[in-house]
Amino acid sequence: LYDQDIESQQVSAASQLGAYGLDFAARESLDDRWSVKWRDSSGKGMRETCRVLLQCDCGYNHEAAGSKIRRNAVNFTGCLGHAEITYNPRTERVLRIRGYFEHNEECKKAVLARIPPIPLHPSVYEVALQQLKDGATLTDIQVKNREMMNAQRYRNQPVDTAKSPYRWILKQADTRSLYRQFNRIGGISVSKPAHVNIHNWLDPHSPEYNAALHRAIFHYSERATRGDRFEVCVATKEMLEAAWTYGHQSQIMLDGTFGVCDRKILLFIVMAIDENRHGVPLAFFFFSAPSGNKHTAAGYNTDIIAKLLKVWQDSLGQRSGGTFEALVAITDTDLIERAALLRVFPGIWLLICKFHLRHRLKRLEDALVQTVSIDNAHAILEKEIIILGSDPASEAAQKGLVHLTYLRDYWSTEILWRSWSDFGRRVAAAMLKCPVEGILTTTNHLESFNGLLKRKHLRRWQRGNRRLRLDVLLNLVITKVLPSIFDQRAMDRAENLRWEMRIRALRGGEALLSARNKPAIVLPSVAYLKADPTRHEAAISILNNKQISAPDWVEKKNKLIFTCYSSVAVAADTDPTIYNLWLGFDGMAHCECQDFGQRGGACKHIRAAVLRVSELRLGGIPIPAIPIPESEEDARKLQQDHLAQILSATTTPHSNLVRQAACVVEDVLRETELDTIAVRVPEGQTADGAEGVEDDDGSESDSSESDAAGDDFDFTILRASGRAAVDEQAVARVFYELEGAGAKLRNLSTFLKDVSMQKKDLRRAITFRDQLGSLFDELTRMISNVKISEEDKAEPAHQHTNNATAHPTRPSTPPNTSESS
């Protein structure tokens, strides 16, 4: 023992260290054979002490340590030499020296067997560790290392580094030690298993308890047995506030991502959007895949997602006497996520991301997604089925036909259609009392965040792009990633306010900011007859050239349907452009052409249809008057009333006079020979197989329209259909898969008939039986819950027909003209 305040004792201690080759100068030599095995610190301030254990390299047995390759410069001789030194790290005064300092004869005679490692100077580590703390990448650290070494800016760096016993350039092999030191500074002992560190951080009775991590983790469940899951749910204080601000009574997103750490851990994230349409993370759900699961991405089910969503909802507590509730949610096509959301939020309105839907719908996505009528969606699919079915010899056409029947039978049931069509967005807008533009169409905000999390935020602390340990991941997410995200949001908000104040002080600045902050509402086109000589002349040309068909009455919609060729179409065109348009007896009208979509009013095709109706009246057909509005204001009012009727699921009855007159029109049109061949299509469809577009097709009402609809409409019935939509999707998917696999499974059973099995295959056989047994049990349960009549039992299964019907006759086309459509 030595007294650090007595100089003579410190001199004696230094002499003893020098005699054993333990002094600082001797240990800098490449001949030094002492290696540090562990170091421990205790106390604070002037009472701080450090204890270090050094061992002779000849006494280190790499095989006992589990290493196949020996890296020490000398061979193992069984030397027992070791030393334990206790000192004050502030003053470097020695307090105690003890150990065994005698080396065996083999050790004394040992020579270098390998090139000794050259240590990196501590000041290089200091700079690199500070860079890691600031979030610098390994490439940035190496660049700065070269710059500082060339400029001789490191502490204690000599002018001539050739004589230095240290290295000053970082090598790839140094990164392991660098990252271990960085994790140790953050309170992470990488020598312990990750789950042990996490448990100690969250245990208030542990000396390693971390209060900051404990506050951010609102749910923790350790994996005590093989069947348990490891679960950790994260939400910082800022995330909890954001949940109430942006998620409560609003819309949220839910999606999962994988490959975030070096274990089979899944991460699901709940996100909302703020007033600037930027994504805001609300909660992180980390949990392990089941034991024996080979594919991490398939390691979750409805139970685990619903459990964590419920825990999150409970952690948010209550405000104003109510619990947290999300009204609208958007996910990908995953059934598990949708079912879990419904289990926690029974009244939630579920939407499906259009981007993920495109992988299912392929080239028909735009036309199908934009529908606001299930009949329209069915008509689009039936039209394509007819076209492809007309070419049974084409292999490509038959493959397309299979895909179309899949869309028709799986994705186009009415309840499921509401989740991915524009109809669903309009219902969501009415529920939230916001413009349709404010409703999310994709989960791109969350998908982008997942990518940034893995490729930007976490990659900064990955060594060689290796995935992080679970404990390191949690520590970084809570202490680095999430604080940086919300700090940046706060700084951006403060900066925007600062500049807005300066601009507001300028002349005209207030008006400029008001115009910029006003939401841009794109109103849908509406039809109204306003004087327009150019369009009127073009309509007369269309009528004279017989480019517009005779009308067809659709009783269900009480409207007249027309088809009209583009004005530039010629008789030789094999695939001319045709527009579908309709005139409703309630005064509404619509056309598919670009002119109507961009300008509204009455395009030349609608005007040609009005002229066609007038021509038929002069011919003696008693078609009732069609009261198309003469101003945009009246047309908007008519559109608003119509939208309210759709949302309330009611149909305003037309007068008996109009209905009877319309029936007369239909009868007369069936019997009258017209100078233009009439187009005959099934009820509810137009000439090319698509239903006439409703007035609210593509319509996105402004906030006043949505408010009006929402105030008068009870969404209980529509919201209750969410469970039915998920049920339909699940049944349709299983039955669709079984249609392809059922016959194969039946054939497999014939292979096993009268076949014996060896004991080595028993485990696999039990696994397959249990898997098929669970499916058998669920099908049995579903069948027993449905009362099947004798007629239902005798009815054959639904069969898809590929027989194509003949294309309807189209109106004639004139010679080519210079006028554009």
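Reader: In what order do the four strands form an open sheet?

Author: A word on the source comes before the case. This is a predicted model, where local features need pLDDT of at least 70, side-chain atom pairs count only at pLDDT 80 or more, and totals for chains, interfaces and linings use all residues. Residues are numbered from 1 along each chain as its sequence is written, and side-chain values use heavy atoms, with hydrogens and water left out.

Strands (E, at least two residues) and helices (H or I, at least four) are DSSP runs numbered from the N terminus, and two strands pair if DSSP finds at least two bridges between them. Here the order is 14-15-16-17, with antiparallel pairing. Strand 14 (552-554) and strand 17 (589-591) are the edges, each pairing on one side only.

Reader: How many bridges join strand 15 to strand 16?

Author: Seven bridges link strand 15 (residues 559-565) with strand 16 (residues 578-584). I561 has W582 in strand 16 as its bridge partner.

Reader: Which helix lies across strand 15, strand 16 and strand 17?

Author: Contact means heavy atoms within 4.5 Å. Angles run from 0 to 180 degrees between N-to-C directions, with axes as lines fitted to C-alpha atoms, for helices over the stretch in contact. Helix 23 (residues 604-618) lies across these three strands, at about 55 degrees to strand 16.

Reader: Which residues touch the most other members of the largest nonpolar core?

Author: A nonpolar core is a set of buried Ala, Val, Leu, Ile, Met, Phe, Trp, Tyr and Cys residues joined through side-chain atoms within 4.5 Å. Buried means under 20% relative accessible area, exposed over 50%, partly exposed in between (1.4 Å probe, protein chains only). In this core of 134 residues, they are F284, L309 and W312. Helix 19 (residues 470-504) supplies the largest share, 11 residues. Leaving aside neighbours within four places in sequence, the contacts of F284 include V232, F268, F449 and L482. Another core, of 28 residues, lies apart from the largest one and includes A527, V613, L616 and I621.

Reader: Which cysteine sulfur is closest to that of C107?

Author: It is the sulfur of C56, at 3.6 Å, again too far for a bond. C107 is also buried, at 4% relative accessibility. The disulfide count is zero.

Methods: A disulfide is a pair of cysteine sulfur atoms within 2.5 Å.
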